[in-house]
Amino acid sequence: MLILGIESSCDETGAAIILGKSKSQEVRILSNIVASSLPLHSKSGGIIPENAAREQIKFIIPVINEALKKAKLNLKEIDSIAVTHGPGLIGSLLIGVETAKTIAYIYNKPIIPTNHLIGHIYANFIELDAKRYSLNSNIKFPAIGLIVSGGHTDLILIKKHGSITWLGGTRDDAAGEALDKIGRLLGLSYPGGPYIEKAAQDGNPKRFKFPSPLINSQDFDFSFSGLKTAALREISKTKMDKQAVADISISVQKAIIDVIVKKTLRAAREHNVKSILIGGGVAANQMLRKEFELKIENLELKISLFIPEKRLCTDNGAMIAAAAYFNNKPQDWQKIEANPSLYF
Ligand code: KG4
Ligand code: ZN
């Protein structure tokens with residue numbers, strides 16, 4: 001089965017062609033093209049929704065054409081179309097959704113509306129050329145899903161494909177959002193996450209201590225907005241040289257990672273799961289990956305950890321096509337609408 005996946009929920013325009021084989025647990029990427037309006041947003045220090053939507057209009061057709069060209073296919077040869085219908089920015093979402101609907105109508109193809117957050121988790125079902133990042137390459141259910149991105153920090157229980165229960169999430173800022181805001185306070189480029197990770201490599205974790213909010217609460221919720229205030233307090237009373245930026249970066253990163261790892265592993269144990277599937281831009285962070293590995297090993301948990309390779313952690317069309325392949329529920333194109341506040 002050949003699926004064209006279209007992603008346009010925020011500032012990335014993605015189109016991919018994936019091949020799903022009926023007996024396989026994984027899908028193969030034939031092409032995965034991403035155009036990003038990030039350079040534009042780094043100038044303004046954050047995303048201006050209207051600008052993001054304008055860029056989506058510019059990129060959507062060239063990106064789809066490029067994905068088809070790279071896969072050496074044309075639209076007639078595609079079996080179905082998967083498109084992100086939420087959550088995200090309404091202006092950005094609309095571009096992908098309306099384009100997908102138009103293609104479905106003209107070429108008479110089934111269209112599968114797909115939840116962006118579930119897409120992030122299904123990036124783990126994409127076959128890799130290089131060695132898969134996991135302790136065991138076979139994903140088994142039940143699984144805990146952790147979405148850590150710029151807009152979301154959510155824990156979900158996945159009993160099988162199509163059966164998802166939300167366990168908890170952030171009460172205020174998402175993990176990526178907190179990193180981006182603190183990055184700005186530290187004078188780093190946008191988005192802050194990867195720059196904080198880089199600065200943290202030379203940091204001393206003992207100089208500053210930041211709290212990991214809700215770390216001991218019995219729910220599966222998170223809260224990261226207090227961290228920004230705590231960082232601001234330290235920044236305003238410290239001489240901010242390169243070393244101070246590095247020292248604050250490492251402690252902020254640690255405070256976020258500690259609570260994420262602790263709550264995810266508690267959810268995994270309470271629900272007796274076989275796998276943990278992580279997705280979203282923050283999953284690209286090496287310290288997060290290492291902490292998960294270390295804690296799973298120290299606690300001698302018999303749980304397989306899956307994290308997509310770096311380029312599949314951030315927004316892309318392949319993850320949307322993969323989610324659609326395993327949750328194949330086509331809908332009448334006339335009934336599909338962009339839904340910015342879509343949840344689980
Ligand atoms: O999943 P994503 O591309 O978009 C959303 O759906 O939000 O995630 C973007 C977020 C940004 O907040 C960015 O700072 C963060 O992912 N991010 C990182 C890293 N790379 C991207 N955070 C920490 N470490 C990284 N290496
Ligand atoms: Zn995303």
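**Exercise 1.** How many nonpolar, polar and charged residues does the shell around ligand 1 have?

*Solution.* The structure is a predicted model, in which local features need pLDDT of at least 70, side-chain atom pairs count only at pLDDT 80 or more, and totals for chains, interfaces and linings use all residues. Residues are numbered from 1 along each chain as written, chains are lettered from A and ligands numbered from 1 in the order written, and side-chain values use heavy atoms, without hydrogens and water.

Begin with the shell itself: 20 residues surround ligand 1, where a residue counts as near if one of its heavy atoms lies within 4 Å. Next, sort them by class, with Ala, Val, Leu, Ile, Met, Phe, Trp, Tyr, Cys and Pro as nonpolar, Asp, Glu, Lys and Arg as charged, and the others, Gly among them, as polar. The shell then has six nonpolar, eleven polar and three charged residues.

**Exercise 2.** Find which atoms of G150, G176 and D180 lie by oxygen atoms of ligand 1.

*Solution.* Look for polar contacts, pairs of N or O atoms within 3.5 Å. At G150, a polar backbone atom is 2.8 Å from a ligand 1 oxygen, while at G176 a backbone N or O atom lies 3.2 Å from one.

**Exercise 3.** Compare the radius of gyration of the protein chain with the value for a compact globule.

*Solution.* Taken over C-alpha atoms, the rule is 2.2 Å times the number of residues to the power 0.38. Because the chain has 344 residues, the rule gives a value near 20 Å, and the chain's 20 Å agrees.

Definitions and conventions: Polar contact = N/O pair within 3.5 Å; in protein donor to acceptor, adjacent residues only side chain to side chain.
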